[in-house]
Amino acid sequence: MDGLEGARHLNVLEEPPAVIFTTAYDQYASRLSMRMPLGYLLKPVRKEQLAASLARAGRVTRAQLQRLAAAGEARRSHIAARHREGLRLIPLEEVQYFLADQKYTTVRHVKGEDLIEDSLRLLESEFGARSCASTATRWWA
């Protein structure tokens, strides 16, 4: 089995692992990037490229966060916000409100505000409507 076939098998798993292909051949690049969201590195691999790819591979996905939230009896204790430098965890007790504006959700907390990937609908189902806000109305926690 070659790497592309291996990628096809991995992608059907419920929680596929993060895979970064390395290749010396440009012609495989487009086929690899379509199958594996983390993509590929062309040889010779530069240290900065490898570090950036490994950082992307280590990030928690939205599906993983939702499964973790659903698996626990109690609601989660932190809200995750992605930043260039990684994942920022905001303690739930510091959250003032969530605000949805079109396709974006903002969490306002005591240290500022951040965009998050959770939908307002998911947050409402987990924390209740009084902690969330729409574009027209704010509900304070």
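Strand 5 (95-101) is largely enclosed by the rest of the structure, because five of its seven residues are buried. Buried means under 20% relative accessible area, exposed means over 50%, and partly exposed lies in between (1.4 Å probe, protein chains only). Helices (H or I, at least four residues) and strands (E, at least two) are DSSP runs, numbered from the N terminus.

This is a predicted model, where local features need pLDDT of at least 70, side-chain atom pairs count only at pLDDT 80 or more, and totals for chains, interfaces and linings use all residues. Residues are numbered from 1 along each chain as its sequence is written, and side-chain values use heavy atoms, with hydrogens and water left out.

**Strand pairs**

- Strand 5 and strand 6 (104-109) run antiparallel. Six bridges join them; two strands pair if DSSP finds at least two bridges between them.
- Phe98 has Val107 in strand 6 as its bridge partner.
- Strand 3 also pairs in the antiparallel sense with strand 4 (residues 86-91), over six bridges.
- Arg82 is bridged to Leu87 in strand 4.
- Two residues form the hairpin link from strand 3 to strand 4.

**The core**

- The largest nonpolar core has 12 residues, including Ile79, Ile90, Phe98, Val107 and Phe127. Such a core is a set of buried Ala, Val, Leu, Ile, Met, Phe, Trp, Tyr and Cys residues joined through side-chain atoms within 4.5 Å.
- Strand 3 (78-83), strand 5 (95-101) and helix 5 (120-127) each supply at least two residues of this core.
- Ile90 touches Ile79, Val95 and Val107, among others, not counting residues up to four places away in sequence. Contact means heavy atoms within 4.5 Å.

**Backbone exceptions**

- Most residues other than glycine have a negative phi, and most peptide bonds are trans.
- Gln102 is not a glycine, yet its phi is positive, about 55°. Gln102 sits in the hairpin of strand 5 and strand 6, which has two residues between the strands.
- Gln102 counts as exposed because its relative accessibility is 78%.
- Lys43 and Pro44 are joined by a cis peptide bond, with omega about 0°. Pro44 lies in the loop between strand 2 (40-42) and helix 3.

**A surface patch**

- Val45, Leu50 and Leu54 make a nonpolar surface patch of about 240 Å².
- Patches are made of residues with over 30% relative accessible area and no salt bridge: like charges are joined within 9 Å, nonpolar side chains (Val, Leu, Ile, Met, Phe, Trp, Tyr) within 5 Å. A salt bridge is a side-chain nitrogen of Lys or Arg within 4 Å of a carboxyl oxygen of Asp or Glu.
- Accessible areas come from the Shrake-Rupley method with a 1.4 Å probe; for residues, only the protein chains shown count as cover.
- Leu50 belongs to helix 3 (residues 47-57). Leu50 counts as partly exposed because its relative accessibility is 39%.
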